[in-house]
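Dear colleague,

Please find the structure below, handed over for your records. My findings follow directly after it.

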Amino acid sequence: MSVFDHDYRPYEGRLTSLSSRPLVLARYAMNEAWSSKISVGLFVLGLLPCLVNLVIIYVADNPIARALIMRGSPSFSIGETFFLQVLETQCWFALVLAAWIAPRLVSFDLSDNALPILLSHPISRFSYLLGKFIALAVFLSYVTWIPCLTLFIYQCYASPVPWGMSHLRIALGLFAGAAAWILLLSMVGLAVSSWVKWRVIATGAMFAVVFVPAGVGGIASAVLRTKWGLLLNMPVVMTELWQRLLNAPSFMNSRMDLPTPAIVSVLIVACMLCVAVLNARIRAREVVRG
Amino acid sequence: MGVIELDRLEVRLGGRTVLAGLTGELRGHAIGLLGPNGAGKSTLINTLLGFHEAAAGSAKVLGMDARADRMRIRQSVGYMPENDSFIGNMTGVRFVRYMAELAGLPPAQALERAHEALFYVGLGEVRYRKISTYSLGMKQLIKLAQGLAHGPKLLILDEPTNGLDPNARQRMIQLIKDIRKQGGTQLLISSHLLRDIDETCDEVLILNKGRIAAISNIEEERRSHLNFIELEMAGSTEAFVEKMRSLGCECASFAGGRVKLVMPDALSPRDLYVTAAENGVQIRRIQLRRDSLEDIFLRAMDYEGGRVEHVSV
C-alpha cells in the first residue's frame with residue numbers, strides 16, 4: 001500500500017513474537033488509563049500521603065527538626081505500625097484508582113463490541129486479560145508498593161542507627177501485602193468492568209463489591225455471634241493479612257482474629273469467582289441459548 | 001491446498017445444532033458465502049476463526065486446522081465482522097495501528113500501514129477523528145482498513161455492505177474488486193445479497209439451515225451462460241438461423257422474430273451482427289443470460305436433502 005498510489009500490497013516485514021502481544025494490549029491500556037485527567041488527579045492525590053509520611057520520617061529521624069517541631073511532645077518511632085498505616089492508606093487509594101481505571105480499560109472494548117475484532121487477531125482471551133491486568137497492576141503499583149518501599153529506603157537512609165537489615169521483614173511485608181491487594185483489585189476490577197458495560201455504574205459496582213459483603217458479613221457476625229462473618233469483610237481481611245505480613249501488633253480482639261489459612265482461602269475464592277466471571281464475559285461472541 | 005476445507009463439520013451452540021455436517025472444499029480466489037439470514041454463515045466464519053469449537057468434524061483454513069492452529073490462522077487472516085466492532089473513543093489511525101500491532105507488526109510499521117490502509121479505503125481525511133463520530137459507511141470502511149493493515153493472506157468479510165447506502169455500497173464493492181484484482185489476498189465474503197456475491201466472487205458456498213445447499217464455481221456458470229443468447233430480429237430469420245447453425249451454433253427460432261441460440265466459444269457476439277448484416281436482417285434486441293447466481297441460489301434453496309449438490313452447468 002502507499003498513501004500516494006492508493007493501492008494495496010501485502011506486508012512482508014518482520015513480525016513480533018506471539019508472547020509479546022499482551023504487552024501491546026498493556027501499552028494501549030496504560031495510555032488509555034493516563035489519558036484521563038481524573039486518573040492523573042487521583043494519582044497525584046494518592047501520592048500526597050506519602051509526602052506527609054516522608055516529612056514524618058524526616059522529623060522522627062532528625063533530632064533538631066524533632067526538637068523544633070515536637071517541642072517536648074512524646075517522640076514516636078518509625079516501625080511496623082507506622083508502615084502498616086502507610087500501606088493501608090496507600091492501598092485504599094489504590095481501590096479508588098482501580099475503581100476509576102479498570103472500567104476504562106475494559107468497558108470501552110465491551111460497549112463498542114470490540115472483542116470480535118480484538119480476538120480475531122493472534123491473541124487468546126487469556127492474553128487479552130493478561131494485557132489489561134498488567135496495565136492495571138503497573139498503574140496500582142505506582143501508588144502502593146513503589147512509594148511504600150521508597151519510604152522504607154528513605155527511613156533506612158535517614159535513621160541515625162542501622163535500621164534496614166533488622167527491619168527487612170517490613171520491606172518484604174510491604175511488597176507482598178501490596179502485591180496481594182493489587183492482584184485482588186485487578187481481578188475484581190476486570191471482572192466487574194466486564195460485567196457492567198456502563199463505566200460510571202462499573203465504578204460504583206467496584207466499591208459495592210468491596211463494601212456490601214462487608215456489611216452483610218458484619219450483620220452475620222453480630223446475629224450469629226461468630227467471627228466467620230468477618231471473612232466477607234474485605235477491609236478487615238486485608239488489614240489482618242497486612243498485619244501478619246509486617247509483623248505488626250493486632251488491632252482486633254484476639255477472639256476475633258481470623259486464621260491465616262481462612263484469609264488466604266477467602267482471597268483465592270474471590271479470585272476464582274473473578275476468573276469465572278471473566279471466562280463468561282470475555283468472549284468474541286455471545287452464545288445464544290435456545 | 002484449498003482455501004477452506006470442511007470435513008463433516010458440526011457446530012452446536014446452546015444445545016442447538018447450527019452447522020450440521022458441512023463437507024466441501026473451496027479453492028476460489030474470492031469465495032462467496034451465501035444464504036438466508038440464520039443459515040449459519042457467521043457461525044461458520046466464527047468457527048474458522050476459532051471462536052466456536054466444532055462439536056464434530058474439522059475445518060481447515062489455508063491448510064491449517066481451525067482448532068489446533070487457531071493462532072496461526074488468525075495471524076494469516078484479516079476479519080471484518082458483521083456488526084459494529086471498534087473502540088469508539090480512539091481515532092481511526094490509532095485504532096488501525098493498534099489492530100496492526102496486535103497482528104504482529106512492530107509499532108513504526110504498524111503506524112505506517114495504518115495510514116496507508118486508511119488512505120486506501122478512503123478514510124485518509126478523517127483518520128484523526130474519533131471513530132464514534134464516523135458515519136455508518138465510515139465505520140464499515142474502518143473495519144475493512146483494520147482487516148487489511150497487516151497484509152493478510154485471507155480477508156474474511158462478514159456482510160460488508162450491511163446498512164450502506166447505494167453509493168457507499170458501490171464504493172465497498174469496488175474496494176473488494178480492487179483487492180481481488182491485486183491478487184495477494186484471497187477473500188471470503190459472507191452476504192445474503194446475491195448481487196454483492198455475484199459482483200465480487202468467483203466461487204460460492206450456499207448455506208441453508210446449517211447445511212451446504214450448493215458449492216458452485218460462478219465463473220464457469222457465467223462463462224456457460226454468456227454463450228446463451230436471446231435475440232429479437234426484424235426480417236426473415238430463416239437464412240440467419242441456417243448460417244448460424246453452419247457456424248456451430250445451436251439455434252431455435254420462434255414467432256415474432258425471436259431467436260435463441262447457444263454459441264460455441266469460438267464465436268463472439270460480433271459474429272451475430274456480421275451474419276445478420278450478410279443475411280439482410282436487423283438485430284433489434286440482444287440479451288445475454290446474466291442471472292446465473294440467482295439460478296444457482298434458487299435451485300439450492302429448493303434443495304432439502306442431506307446431500308451436497310455440486311451445481312453444474
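In chain B, strand S11 (residues 228-234) and strand S13 (residues 258-262) are joined by 5 bridges in the antiparallel sense; two strands pair if DSSP finds at least two bridges between them. Helices (H or I, at least four residues) and strands (E, at least two) are DSSP runs, numbered from the N terminus.

A residue counts as buried if 20 or more other C-beta atoms, placed from the backbone, lie within 10 Å of its own.

The model is predicted: local features need pLDDT of at least 70 and side-chain atom pairs count only at pLDDT 80 or more, while totals for chains, interfaces and linings use all residues. Residues are numbered from 1 along each chain as its sequence is written, and chains are lettered from A and ligands numbered from 1 in the order in which they are written.

An open sheet of 4 strands in chain B has the order S2-S1-S4-S5, with antiparallel pairing. Its edge strands, S2 (16-26) and S5 (64-65), each pair on one side only. Strand S1 (residues 4-13) is joined to strand S4 (residues 56-61) by 5 bridges, and Asp7(B) has Ser58(B) as its bridge partner in S4(B).

Helix H5 (residues 136-148) of chain B has 13 residues and spans 19 Å from first C-alpha to last, close to the 18 Å expected at 1.5 Å a residue (the expected span is 1.5 Å times one less than the number of residues). Because 10 of its 13 residues are buried, H5(B) is largely enclosed by the rest of the structure. The buried residues of H5(B) pack against elements including helix H5 (115-119) of chain A and helix H6 (166-182) of chain B.

Between the chains, 42 residues of chain B are in contact with 35 residues of chain A, contact meaning that C-beta atoms, placed from the backbone, lie within 7 Å. H4(B) gives the most to this side of chain B, with 7 residues.

Yours sincerely

Note on methods: A residue is buried if 20 or more other C-beta atoms lie within 10 Å of its own, exposed if 12 or fewer, and partly exposed in between; C-beta atoms are placed from the backbone. Two residues are in contact if their C-beta atoms, placed from the backbone, lie within 7 Å.
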